[in-house]
Amino acid sequence: MSNEDNENQDSNEQAQTEEKEQEEKASKKSKFTFKCTRCDACCLERGPIPITMWDLELWARNGVIANFLPYLEVYTRPNGTVDLLLKPMPSEKKEETEKSPEEALKQTPLEDLLNEKCPLYNKEQEECLVYENRPLSCRTYPLDYDGTHFSIVDVDCPGIGQEGMTKEDLKEMRDTAKQMNFELTRIRIALPVLNQIISRNVMMDLMRQNMEAMSKMSDEDRQKLEDIFKSAQGDQ
Ligand code: SF4
Ligand code: SF4
């Protein structure tokens, strides 16, 4: 074989090796592998977490729904979709010192809480306080399914690319993401109805409390109240 032939053979082999390496890299990139490292980064900067019917049913079955109630908020998106969200705690720097944590939580708009800590994450102990009852959204994170495609909602999640994911693990994660999508649709259908029933019950309760309070009032106090009410109407 001539020197020229040898050189051609060498460069062909080199090109093939490079091509193979590129193919391996591409397949590694496109192949989704994941293993949660339990770094808790997603709990520390999670923002509002969507809550589904599946979560409410789980909490009701396990008798823990009251633990979540202070952090739940019904949120109407600009497109009219109504969601139930687990509202994050405002960070200390954003809290006004004179406000109690409950007041701060109530008064801070959701838009200001997009990268805030989950209220159920304990920073000192570095753990989720409700791990067994954690929402479906936490079980499928960072994989999302929009009804047609899967996507990664957090490309910085250190679990992405970790080896050790079996075919069964992948199937389970994909199924959970699909279930999340299905359960979100379920609660979006049910929520406006629930919202109306709850508002009506709250109104009825207020009216009942008012009537009870009125029945306990002295004639004199009731007269005063009526006078105040009349003068307030006159001012309008
Ligand atoms: S899902 Fe990702 S960000 Fe969250 S704890 Fe696991 S590895 Fe960390
Ligand atoms: S519920 Fe638990 S797992 Fe989910 S974000 Fe909060 S602390 Fe993390």
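Reader: By class, how many nonpolar, polar and charged residues does the shell around ligand 2 have?

Author: That shell has 9 nonpolar, no polar and 1 charged residues. The classes are set by residue type: Ala, Val, Leu, Ile, Met, Phe, Trp, Tyr, Cys and Pro count as nonpolar, Asp, Glu, Lys and Arg as charged, and the others, Gly among them, as polar. The model is predicted, so local features need pLDDT of at least 70 and side-chain atom pairs count only at pLDDT 80 or more, while totals for chains, interfaces and linings use all residues. Residues are numbered from 1 along each chain as its sequence is written, chains are lettered from A and ligands numbered from 1 in the order in which they are written, and side-chain values use heavy atoms, with hydrogens and water left out.

Reader: Which residues are around ligand 2, and what makes a residue count as near a molecule?

Author: A residue is near if one of its heavy atoms lies within 4 Å of the molecule. For ligand 2, the residues are C43, R46, I49, C118, L120, Y121, C128, V130, P135 and C138. Around ligand 1 they are F34, C36, T37, R38, C39, D40, A41, C42, Y141, C157, P158 and G159, and by class that shell has 8 nonpolar, 2 polar and 2 charged residues.

Reader: Why does R38 count as exposed?

Author: R38 has 52% relative accessibility, so this residue counts as exposed. Like D40, R38 is found in the loop between α1 and α2.

Reader: What makes β1 and β3 a pair?

Author: Two strands pair if DSSP finds at least two bridges between them. Strands (E, at least two residues) and helices (H or I, at least four) are DSSP runs, numbered from the N terminus. β1 and β3 (residues 82–86) have 3 bridges in the antiparallel sense, one of them between I49 and its partner L86. β2 and β3 also pair in the antiparallel sense, over 5 bridges.

Reader: Why are β1 and β2 called edge strands?

Author: The open sheet of 3 strands has the order β1-β3-β2. β1 (49–51) and β2 (72–76) each pair on one side only. The twist from one strand to the next averages 45 degrees. Axes are lines fitted to C-alpha atoms, for helices over the stretch in contact, and angles run from 0 to 180 degrees between N-to-C directions. Helix α3 (residues 53–61) packs on the sheet, touching β1, β2 and β3, and its direction makes about 70 degrees with that of β1.

Reader: Where does T52 lie, and why is T52 called buried?

Author: T52 lies in the loop between β1 and α3. Its relative accessibility is 0%, so T52 counts as buried. Leaving out residues up to four places away in sequence, T52 touches L136, M180, E183, L184 and I187.

Reader: What makes a set of residues a nonpolar core, and which residues have the most contacts inside the largest one?

Author: Such a core is a set of buried Ala, Val, Leu, Ile, Met, Phe, Trp, Tyr and Cys residues joined through side-chain atoms within 4.5 Å. The largest has 22 residues, and I51, L56, W59, F68 and L86 have the most contacts inside it. Two or more residues come from each of β1, α3, β3 and α7 (167–215), and α3 gives the most, with 5 residues. A second, separate core of 7 residues includes L143, C157, M173 and A177.

Technical notes:
Contact means heavy atoms within 4.5 Å. Buried means under 20% relative accessible area, exposed over 50%, partly exposed in between (1.4 Å probe, protein chains only).
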